[in-house]
Amino acid sequence: MNWSLHKHIFIAFFRAGMLGYGGGPASIPLVHKEVVENFEWITDEEFYDILAIGNTLPGPIFTKMAGYIGYRIGGMMGVFNAIVASVIPTVILMITLVGILMTFRSSPFIEGMTQAIAPVVGVMLLTLTYNTLKSTKQRSSWLFVIILTLISIIILELLNIHPAFFIVILLIIGFSYRKKPNTTS
Amino acid sequence: MIYWEIFMAFFIPGIVGYGGGPASIPLIEHEVVNRYEMVSVEQFGEILALGNTLPGPIATKMAGYIGYETAGLPGAAIAIFATVAPSLIAMILLLGILIKFKDSPRVKQMTIFIRPAIAVLLGVLAYQFFNNGLAEAGVFHTVILGGGSFLLFEKSKIHPAIVILLALVYGVIFLS
């Protein structure tokens, strides 16, 4: 077994889990930071594919991403390791601290801490949004990106169509769309 | 059988909850409060509020804690497994197929088509976090925290851990 790889898998998902305030979605940019930038296990492209497929499936997104990336780079042991690292430490914190937190729940310190985190997570997610669009543009064109983004905004936000449903439709269109040769990379 | 009930209570929200952990919270509440009566509505609200002050994914924190309170460590393990495993297995199977054909031009095209939709979903999440910031910390602090963290991330390539810790300290000093 590759101990150094598994040590890194553990560190990557431990950090992403412990620093993610505001539930699993807040951890997405942190996972990106670890697996794409820090450890370079997967490419930007693959990260967005994983995020997209993850969004078409039910269940918590952070553990789906951690489990899959763990599997992709470390096999079954990698899945186990990534899930343990992303879930167990925060569950232990929860079980041990609930008693104490009950007493300090309305303490201004805790409230101040949770309030200060929201804008930071917002910035990280916005950066990821921009990177996603930029990476799409590299393989198509700005026109394509703008049109598809506008369509996505209308369908997801104005018409409130379920994302999973919309992504499946896009996958089908992408699969069957006929393109002139030599226009893609 | 208590372990079976714990498994079912978290398995159902795990496979019908779309949109990540936070989206499955009402489904978990329905199972553990209404169906199996493991905790009361008030307790559930308390656990959720406390869970939100701690880091990490919320669905597994709720599962771990409620499983532990109901049936000790095995209860916690079963609840977490039921929350995580079903969707993870589906994910590995689906992506396995996709990766196998990843060099096919059609699959490449598929992944380009979904990307703007993913960007929109991320953008909406970002908007929600900014909105929370505005509602709770106010315009002034949101601009300082947002602008400050943007500069730190973009100009100095500092690890997010440090920025998040700085923000927590900022919260204790200026927002409490």
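A crossing is left-handed if the near helix is turned anticlockwise from the far one by less than a right angle, and right-handed if clockwise. In this predicted model, local features need pLDDT of at least 70 and side-chain atom pairs count only at pLDDT 80 or more, whereas totals for chains, interfaces and linings use all residues. Residues are numbered from 1 along each chain as its sequence is written, while chains are lettered from A and ligands numbered from 1 in the order in which they are written.

**View 1. Chain A has seven helices and zero strands.**
Taken along the principal axes, the box filled by the C-alpha atoms of chain A is roughly 65 × 45 × 25 Å.

**View 2. Helix α3 of chain A packs against α5(A).**
The axes of α3(A) (residues 44–56) and α5(A) are 11 Å apart, at an angle of about 115 degrees; axes are lines fitted to C-alpha atoms, for helices over the stretch in contact, and angles run from 0 to 180 degrees between N-to-C directions. The two helices α3(A) and α5(A) are therefore roughly perpendicular (under 35 degrees counts as roughly parallel, over 145 as roughly antiparallel, 65 to 115 as roughly perpendicular and the rest as oblique). Their crossing is left-handed. From α3(A), Asp44(A), Glu45(A) and Tyr48(A) meet Asn131(A), Thr132(A) and Ser135(A) of α5(A), contact requiring C-beta atoms, placed from the backbone, within 7 Å. The residues of this contact between α3(A) and α5(A) comprise one nonpolar, three polar and two charged (Ala, Val, Leu, Ile, Met, Phe, Trp, Tyr, Cys and Pro count as nonpolar, Asp, Glu, Lys and Arg as charged, and the others, Gly among them, as polar).

**View 3. Helix α2 of chain A also meets α5(A).**
The axes of α2(A) (residues 28–38) and α5(A) (residues 108–139) come within 8 Å of each other and cross at roughly 60 degrees, and α2(A) and α5(A) are therefore oblique. The crossing of α2(A) past α5(A) is left-handed. Ile28(A), Pro29(A) and His32(A) are the α2(A) residues that meet Met124(A), Leu125(A), Thr127(A) and Leu128(A) of α5(A), and this contact of α2(A) with α5(A) has five nonpolar, two polar and no charged residues.

**View 4. Helix α6 of chain A crosses α5 of chain B.**
Between the chains, the axes of α6(A) (residues 142–158) and α5(B) (residues 105–156) come within 8 Å, crossing at roughly 55 degrees, so α6(A) is oblique to α5(B). The crossing of α6(A) and α5(B) is right-handed. On the α6(A) side the contact is made by Val145(A), Leu148(A), Thr149(A), Ser152(A), Ile153(A), Leu156(A) and Glu157(A), and on the α5(B) side by Pro116(B), Ala117(B), Ala119(B), Val120(B), Leu121(B) and Val124(B). By class, the residues of the contact between α6(A) and α5(B) are 10 nonpolar, two polar and one charged.

**View 5. The side of chain B that touches chain A draws its largest share from α5(B).**
Here 83 residues of chain B are in contact with 90 residues of chain A, and α5(B) provides 33 residues of the chain B side. That side of chain B has 54 nonpolar, 24 polar and five charged residues.

Technical notes:
Helix = DSSP H or I, 4+ residues; strand = E, 2+ residues; numbered from the N terminus. Contact = placed C-beta atoms within 7 Å.
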